[in-house]
Amino acid sequence: QHSLPILGICRGLQLVNVLHNGKLINDLNHFNEKHNKVENIDKEHTVKIIENSLLHEIVKVKEGAVNSAHHQAIEVLGKDLMINSLADDGTIEGLEWKDKGKKPVMLCIQWHPERMFQSLNSPFAKNVRNWFIEETLQSIAARK
């Protein structure tokens, strides 16, 4: 309604997918060794970025390490969405609008850039944060 940009992180990605008639895997079971945090410590794994995606425009790399703390994941992609990143095991790590012109702009990621303390300069933390701030400022300025 306000055309503000959307940044869905972890459960936010999952919620956006379900709101668009997608389905979730309720528990990753044996994949939890790679994805689920242990004793409040996030795991780390590599994601591969889909070229020609908004995420690729933002991070400007083809792959890299992200943190991981989830036990659920996307099973069936929601309507009007596209995958923008995958873990090595095929788990969907990000999504966005299939239609690049759709507003408000939306980026959803499974990792937590705000908790990537060891990697604050990683494009998966820094570039995502800077993109979201800039998009929000532009959106606010356009409403004035």
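**Working through strand 7 and its surroundings**

In the hairpin of strand 6 and strand 7, 4 residues sit between the strands, and Gly-90 there takes a positive phi near 95 degrees. Keep in mind that this is a predicted model.

**Exercise 1.** Work out how strand 7 is paired: which residue is the bridge partner of Met-82, and which is that of Leu-95?

*Solution.* 
- Step 1: start with strand 6 (residues 81-87), which runs antiparallel to strand 7 and is joined to strand 7 by 5 bridges.
- Step 2: pick out Met-82; the bridge partner of Met-82 in strand 7 is Glu-96.
- Step 3: turn to strand 8 (residues 106-109), which pairs with strand 7 over 3 bridges, in the antiparallel sense.
- Step 4: find Leu-95, whose bridge partner in strand 8 is Cys-108.
- Step 5: check how covered strand 7 (residues 92-97) is: 6 of its 6 residues are buried.

**Exercise 2.** Where does Ser-53 lie, and what does the side chain of Ser-53 reach?

*Solution.* 
- Step 1: find Ser-53 in the loop between strand 3 (43-49) and helix 3.
- Step 2: with a relative accessible area of 1%, Ser-53 is buried.
- Step 3: follow the side chain of Ser-53 to the backbone nitrogen of His-56, at 3.0 Å.
- Step 4: leave aside the neighbours within four places in sequence, and Ser-53 is in contact with Met-82, Asn-84, Glu-96 and Lys-100. Met-82 and Glu-96 are the bridge partners from Exercise 1.

**Exercise 3.** How many disulfides does a search of the whole structure find, and are Cys-10 and Cys-108 buried or exposed?

*Solution.* 
- Step 1: the search comes back with 0 disulfides.
- Step 2: Cys-10 has a relative accessible area of 11%, so Cys-10 is buried.
- Step 3: Cys-108 is buried too, because its relative accessible area is 0%.

Key:
Residues are numbered from 1 along each chain as its sequence is written. This is a predicted model: local features need pLDDT of at least 70, side-chain atom pairs count only at pLDDT 80 or more; totals for chains, interfaces and linings use all residues. Side-chain values use heavy atoms; hydrogens and water are left out. Buried means under 20% relative accessible area, exposed over 50%, partly exposed in between (1.4 Å probe, protein chains only). Helices (H or I, at least four residues) and strands (E, at least two) are DSSP runs, numbered from the N terminus. Two strands pair if DSSP finds at least two bridges between them. A disulfide is a pair of cysteine sulfur atoms within 2.5 Å. A polar contact is a pair of N or O atoms within 3.5 Å; within protein, one must be able to donate a hydrogen and the other to accept it, and residues adjacent in sequence count only if both atoms are side-chain atoms. Contact means heavy atoms within 4.5 Å.
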